[in-house]
Amino acid sequence: MFAFILRRIIQAIFVMLVISLVGFSIQHQIGDPVRDLVGERVTPAEREVIRDQLGLNDPFYIQYFRFIKNACKGDLGLSFFYKKPALEVIVSKAPATIELVIVTAIILILVSIPSGIYAAIYPKSWFSRLVMAASTIGVAIPVFLTAIALIYLFGVELNWLPSYGRGETVNIWGWESGFFTWDGLKHLVLPSISLSSIMLPLFIRLVRAEMMEVLETEYIKFAWAKGLHRQRVWFIHAFKNTLLPVITVFGVQLGILFAFTILTETVFQWQGMGFMFLEAVERSDTSLLVAYLVVVGVIFVVVNTIVDIVYGYVNPMVRIVGTK
Amino acid sequence: MSHLLEVIDLEVKFALRFGELTAINGVSFTLDKGERLGIVGESGAGKSVTGFAIINLLSKPGYISGGKILFEGRELNRLPEEEMRKIRGNSIGMIFQDPMMTLNPVLTISTQMVETVLAHQNISKADAMDLALEKLKKVHIPSPAKRLHQYPHECSGGMRQRIVVAIALLTNPSLIIADEPSTALDVTIQAEIMDLLLELCETEDMGLILITHDLAVVSQVTEKIAVMYAGKIVETGTTEAVVHDPKHPYTQGLIKALPGSLQPGARLNQIPGMMPTLTDIPAGCAFHPRCTISDTVCQMEVPALISIDDYDRMAACHMVEKSFP
Ligand SMILES: Nc1ncnc2c1ncn2[C@@H]1O[C@H](COP(=O)(O)OP(=O)(O)OP(=O)(O)O)[C@@H](O)[C@H]1O
Ligand SMILES: [Mg+2]
């Protein structure tokens, strides 16, 4: 367990260092804190004085060091647009994105695992063929098309589901949640379906391929030879082994999912981090961009840790290594 | 008395894209209660396919296309899947070649043992656990109670094969089919596993079908031998008779290929030439291109498996047939 935690911490530090360097470079190259501070109407000479006072003319590494020091204290600068600490702005937007990703992940799991398993067990059934064909086409359709089609069908034509915003939310200890109101849940449907459609084909294919491979192994043949019921062979013997590689890929893809929220949130006017990120790009609100990177980096590390723990729970060999 | 197992004219085909491949072509043999039969032959002869056909567990494109398998008075090849399941792992146990691959890596030994009992008997989990422990003791595993809670990767190869044997024993089967149970193990452990199997068959009065390349192993453990070549049995008889006085030129070749006395671990494939693949089995006797005494008749007619002495010996060879009055 100790080795596991240590490995995690080292990984986290490494990821955060890379992100901070990227973030700092962005700030260094495009950002102009002087403008952020005093606006556009100050003469160049006066600006130069301010730059000196702020240490902006110091060498790169000194500035980077200062940046890290402040970041460790949770200070990622002020958002030029919101006139508030950038971190605070991001954190206030995070619940919207996290909830969207959680619902998307649940959809991904609930759809890809049963259909992947079914397609592996009955590879010749019409359902399997349909799923395979649909997932081939599915990969090629861009998200915004799916999103627009969904909005048009369910939002405009049928008028069943809301197609923008988060709807009614409830504040629980500072976390704006859409999980606890009917309206909030309804608002989650279309965005999460669009977001999951990006990865669903990949996941179904992955589960199917892994399961088919496992079904060919000697230990599955032995399980049959023991006269076990087929449910047991499929859902205990084969499925548990299928899960291992699936969990690994899932962990990586979950991180990537956060990147895809930028597009989805924009289409659905979803007031989350991704939506705000695009706004920040338009306004050149660099502190906010950097804060976004940092927060997404933290989420990425946390998600990977959770996935690793789940993996260790399923795979006995990892557990042994971990306890040593 | 009727036989424990009777295989009559078994035919197995693989439905491949380019056509059907006959892997087993008219195999017949019998096994009585508590009797031990060895099936030997070079790689690809159809030994494993025969074994899996008995429990109706052929891998995908394979199917039984003809013949009958009678086990304890029931025709296995006609049984519905659920009835067949009740026989698998219950009255017929299987032991596979590579114990590293046979046990499920993510399930504990106890899980893999208990589930086998519960699939066939209506007893409590605790009772099944006791039974598992009892069988682990029977296969002489050190600290059996501890093993139960381990995962396969925590046990050595020999240990795992003992566990596999213990799993086969759980339901007191009347027949065990062991497909090269020692080939993947170290030479010393090979002998241990074979001794264990022999001991268990004798004490539990179990029938055994031992599939192997290794004539030496067969001669130690079994009472009868069936020699297979290209999907057919070419010679059968008591182990004693076949090993010491082989009649079929193929069997003679196998035995001659053994270095000096019959040592464990010796391999068979030292006869000049190769066994034909199933797609181009020669006309007539399949062995004739490699045979030293073949005649024109061997190239034309498929020899039948017939009795050649006053005992249970049978061989499929025109030349042997001629010399037998
Ligand atoms: N899944 C399969 N698909 C197609 N053909 C197969 C399949 N399994 C077996 N065969 C054919 O059946 C023949 C007999 O195979 P089998 O596994 O019984 O050989 P074996 O005597 O057990 O050999 P070995 O000593 O190598 O285990 C092989 O030559 C192969 O051509
Ligand atoms: Mg084999």
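1. In this predicted model, α5(A) passes α8(A) in a right-handed crossing, a term that applies when the near helix is turned clockwise from the far one by less than a right angle. The contact between α5(A) and α8(A) involves 22 nonpolar, 6 polar and 2 charged residues. In this classification Ala, Val, Leu, Ile, Met, Phe, Trp, Tyr, Cys and Pro are nonpolar, Asp, Glu, Lys and Arg are charged, and the others, Gly among them, are polar.

2. Helix α5 of chain A spans residues 86-121 and helix α8 of chain A residues 182-215; their axes come within 6 Å and cross at roughly 35 degrees. Axes are lines fitted to C-alpha atoms, for helices over the stretch in contact, and angles run from 0 to 180 degrees between N-to-C directions. Helices (H or I, at least four residues) and strands (E, at least two) are DSSP runs, numbered from the N terminus.

3. Oxygen atoms of ligand 1 lie 2.9 Å from a side-chain N or O atom of B:Lys47 and 2.8 Å from a backbone N or O atom of B:Val49. The protein covers 70% of the 630 Å² of accessible area that ligand 1 has on its own (Shrake-Rupley method, 1.4 Å probe).

4. Chain B has an open sheet of 8 strands with mixed pairing, in the order β6-β7-β8-β3-β9-β10-β12-β11; two strands pair if DSSP finds at least two bridges between them. Because β6 (92-95) and β11 (306-307) of chain B each have a single partner strand, one side of each is left without a neighbour in the sheet. Within chain B, β3 (residues 36-40) and β9 (residues 224-229) pair in the parallel sense over 4 bridges, and B:Ile39 stands opposite B:Ala226 in β9(B).

5. An open sheet of 4 strands in chain B, ordered β2-β1-β4-β5, has antiparallel pairing. Strand β1 of chain B (residues 5-16) is joined to β2(B) by 10 bridges, with B:Val7 opposite B:Phe29 in β2(B).

6. On conventions, residues are numbered from 1 along each chain as its sequence is written, while chains are lettered from A and ligands numbered from 1 in the order in which they are written. Local features need pLDDT of at least 70 and side-chain atom pairs count only at pLDDT 80 or more, whereas totals for chains, interfaces and linings use all residues; side-chain values use heavy atoms, with hydrogens and water left out.

How values were computed
A polar contact is a pair of N or O atoms within 3.5 Å; within protein, one must be able to donate a hydrogen and the other to accept it, and residues adjacent in sequence count only if both atoms are side-chain atoms.
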